[in-house]
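Please open the model in a viewer and keep the selection tool at hand.

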Amino acid sequence: MRRRCIHCLSGDVPPDAPSRVCGRCAELLVLLAELDDGIAEAPRAREPGSDDVRPPKPQPQPQPRDGAWLLWAARKKNRMHDLHRIGRERGFPRRVEDWSYAMVDVAIEALCQTATR
Ligand SMILES: [Zn+2]
């Protein structure tokens, strides 16, 4: 007697198969398991008429805001002068790369305030 696949209900399961799933479905299940590992959130089912609604893009990991990052950002924004002034005023190390995360936070705040003034 032939055994039917319990997954797709149409594939033939070889008599010596370890599980009651046909070869095609077994491959599919492995593939799905691998995909599941790579995706944190399962894609949401689409509702009719919502074809224009796309799932939100995965947010990139926030960059750690250390001294090196701040230096790069200040250079990019042409705020090196402000950055060094802020560091001097607060007695931070001369090298921005040596600043701690807390110092960087303070400097970012100060830079933002300077920008809106
Ligand atoms: Zn099957």
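Predicted model: local features only at pLDDT ≥ 70, side-chain atom pairs only at ≥ 80, totals over all residues.

Arg-79 lies in the loop between α2 (67–76) and α3. Next, display its surroundings: leaving out residues up to four places away in sequence, Arg-79 touches Ala-74, Leu-111, Thr-114 and Ala-115.

Now move to Asp-82, which is placed in helix α3 (residues 80–90). Is Asp-82 buried or exposed? With a relative accessibility of 18%, Asp-82 counts as buried. Neighbours within four places in sequence set aside, Asp-82 is in contact with Leu-111 and Thr-114.

The next stop is the zinc ion. Which residues coordinate the zinc ion? Select Cys-5, Cys-8, Cys-22 and Cys-25: each coordinates the ion through its SG atom, at 2.3 Å. Along the chain, these donors follow the spacing C-x2-C-x13-C-x2-C. The pair Cys-5 and Cys-25 links distant parts of the chain, 20 residues apart. Cys-5 is in the loop between β1 (3–4) and β2 (12–13), whereas Cys-25 belongs to helix α1 (residues 23–38). Both Cys-5 and Cys-25 are buried.

Finally, examine the angles at the metal. The four donor atoms around the zinc ion subtend angles of 103 to 116°, and the arrangement is therefore tetrahedral. For comparison, the ideal angle for four tetrahedral donors is 109.5 degrees.

Conventions
Residues numbered from 1 in each chain as written. Heavy atoms only, no water. Helix = DSSP H or I, 4+ residues; strand = E, 2+ residues; numbered from the N terminus. Buried < 20%, exposed > 50% of the residue type's maximum accessible area, 1.4 Å probe, protein only. Contact = heavy atoms within 4.5 Å. Donors = N, O, S within 2.8 Å, 3.2 Å for Na, K, Ca; no water. Tetrahedral: all angles 85-135°; square planar, octahedral: opposite > 155°, others 65-115°.
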